[in-house]
Amino acid sequence: MTDKNKKLWGGRFEKSTDEMINEFQASIGFDKRLYREDIEGSIAHATMLAAQKIISDDDRDKIIDGLKKIRAEIDEGKFKFSVDLEDIHMNVEKALTDRIGEAGGRLHTARSRNDQVALDMHLHVRRQTREVQRLIVGLQRALVDCASKHRDVIMPGYTHLQRAQPILFAHHMLAYFSMLSRDFERFDGVYQRADIMPLGAGALAGTTFPIDRQMTAQLLGFNRIYNNSLDAVSDRDYVMEFLSAASILMIHLSRLSEEIILWCSREFSFIELDDAHCTGSSMMPQKKNPDVPELVRGKSGRVIGHLMAMLTTVKSLPLAYNKDLQEDKEGLFDAIDTIKFSLAVFAQLIDGMKIRAENMRRAVEEDFSNATDLADYLVKRGVPFRETHAIAGRIVHDCIARGIYLKDLTVDEYKKYSPLFDDDVLEAIKPETCVGNRNSLGGTSNRQVENQIDSARSIIDDELSTIGDE
């Protein structure tokens with residue numbers, strides 16, 4: 001085996017690695033995106049080694065200076081990565097040793113690629129989690145602004161995709177705000193599980209050198225340190241949790257996508273999407289296709305798939321590190337890119353969509369979504385609900401047979417069904433009245449929605465305070 005082809009770990013080997021195996025096991029094609037974390041971890045490690053007198057201050061300074069120059073080259077796209085060096089760790093270490101000589105070879109003292117890659121992944125997931133949370137807040141702002149701008153617009157609320165009761169459009173938008181708030185909280189849990197430092201675990205059993213793990217953790221901003229070295233190098237719970245939180249987030253965005261796709265169809269015509277977020281047909285000149293929500297809806301499947309793949313990969317792994325764990329990266333990286341894109345583009349879509357309030361209002365009026373309020377009218381006059389439900393049902397049945405709606409009946413006609421109906425019944429079934437009367441906590445009344453908007457803005461402030469400037 002020539003020096004040119006010799007691996008940094010190749011001391012006990014007599015033959016070079018087969019080229020096909022090189023390609024198969026190399027991860028540099030995707031893990032090079034970890035270069036910032038890898039270099040950040042190495043700088044902290046070198047600083048700690050020098051503080052513990054394991055390496056000299058001169059070696060530390062050469063290492064840190066060399067690593068910073070390598071980072072700058074990668075930032076500028078000038079660094080050449082090698083598949084033969086397998087991964088980001090070996091690529092950086094080889095380049096460092098080539099440049100500063102013997103001092104570079106001392107950097108890997110008291111660590112293994114096992115705890116090094118675990119560190120890189122913890123740092124990366126921690127950083128990306130905060131970026132995702134910022135994007136969640138961005139979409140939440142778009143939803144709150146939309147709700148505030150259209151706070152008096154009334155639309156049909158649905159169950160089973162059938163018109164059910166009148167609600168405020170703002171109330172509907174704020175439901176997705178609440179879902180995203182839970183997503184934010186889930187990612188906060190991911191951050192906590194990623195905020196544990198594995199470096200110092202070595203390959204699996206720790207190290208014989210007098211390292212200071214607390215110092216390294218402090219340099220890297222970790223709040224906790226793994227207490228068990230086996231767990232430190234093999235734990236990927238935080239990756240699975242990230243993918244789980246990402247999958248739930250994408251399900252929420254997929255649900256919103258489905259509604260937007262329906263609402264902008266000719267059959268609903270509740271909204272119109274901005275031209276910038278749609279495309280046309282190569283054949284049908286009239287088409288305006290809702291590509292953004294369709295793509296987000298479709299991409300939810302790939303994120304869920306990455307979660308399933310990661311769960312399956314880890315489910316039978318013995319302790320400690322196994323090469324299978326290399327599979328934690330591609331799916332994670334793709335999920336990160338997918339959810340960040342989806343959140344960013346959805347915020348733009350919400351900001352740009354036009355609300356067709358008149359069509360929403362027509363849908364409420366030309367239907368029987370006020371039938372529950374008709375039943376409630378009699379309940380408030382002492383009639384048991386089950387009886388009023390039957391009365392309202394008969395009225396709806398008769399209106400359908402006549403091709404009219406509840407608002408078209410006269411008071412005298414209502415009194416034929418019950419003498420308890422009075423002159424105010426027509427006012428009681430107006431959409432504004434139906435909405436305004438649902439003033440229970442969390443309801444769709446104007447007052448409750450105002451409270452929800454105020455609460456949402458406070459939640460956003462709290463979320464921004466949580467993620468800070470990290």
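1. Helix H3 spans residues 35-51 and has 17 residues. From first C-alpha to last it reaches 24 Å, close to the 24 Å expected at 1.5 Å a residue. The expected span is 1.5 Å times one less than the number of residues. Helices (H or I, at least four residues) and strands (E, at least two) are DSSP runs, numbered from the N terminus.

2. A word on the basis. This is a predicted model, where local features need pLDDT of at least 70 and side-chain atom pairs count only at pLDDT 80 or more, while totals for chains, interfaces and linings use all residues. Residues are numbered from 1 along each chain as its sequence is written, and side-chain values use heavy atoms, with hydrogens and water left out.

3. H3 is mostly covered, with 13 of its 17 residues buried. Buried means under 20% relative accessible area, exposed over 50%, and partly exposed in between (1.4 Å probe, protein chains only). Just after H3, Lys53 takes a positive phi of about 65 degrees.

4. The largest nonpolar core holds 104 residues. Such a core is a set of buried Ala, Val, Leu, Ile, Met, Phe, Trp, Tyr and Cys residues joined through side-chain atoms within 4.5 Å. Phe169, Phe187, Phe242 and Ile350 touch the most other members. Helix H11 (residues 237-263) gives the most to this core, with 13 residues.

5. What does Phe187 touch? Its partners are Thr129, Val132, Gln133, Ile136, Phe242, Ala245, Ala246, Leu249 and Ile339, leaving out residues up to four places away in sequence. Contact means heavy atoms within 4.5 Å. A second, separate core has 21 residues, including Ala375, Ile395, Cys399 and Ile404.

6. Helix H15 (residues 371-379) packs on helix H16 (residues 385-402) at an angle of about 135 degrees, with axes 8 Å apart. Axes are lines fitted to C-alpha atoms, for helices over the stretch in contact, and angles run from 0 to 180 degrees between N-to-C directions. H15 and H16 are therefore oblique to each other. Angles under 35 degrees count as roughly parallel, over 145 as roughly antiparallel, 65 to 115 as roughly perpendicular and the rest as oblique.

7. The H15 side of this contact includes Ala371, Leu374 and Leu378. Among the H16 residues they meet are Phe385, Ile391 and Val396. The buried residues of H15 are Ala371, Asp373, Leu374, Ala375, Tyr377 and Leu378. Their cover includes H16, helix H17 (411-417), helix H18 (425-428) and helix H19 (431-437).

8. The axes of helix H7 (residues 113-149) and H13 come within 9 Å and cross at roughly 15 degrees. H7 and H13 are therefore roughly parallel to each other.

9. Which residues in the loop between E1 and E2 deserve a look? His160 is found there, between strand E1 (154-159) and strand E2 (162-168). His160 has a positive phi of about 60 degrees although it is not a glycine. At 76% relative accessibility, His160 counts as exposed. Leu161 lies in the loop between E1 and E2 too. Its phi is near 60 degrees, a positive value in a residue other than glycine. Leu161 is exposed, with a relative accessible area of 54%.

10. The peptide bond from Leu319 to Ala320 is cis, with omega near 5 degrees. Ala320 sits in the loop between helix H12 (291-314) and helix H13 (328-352).
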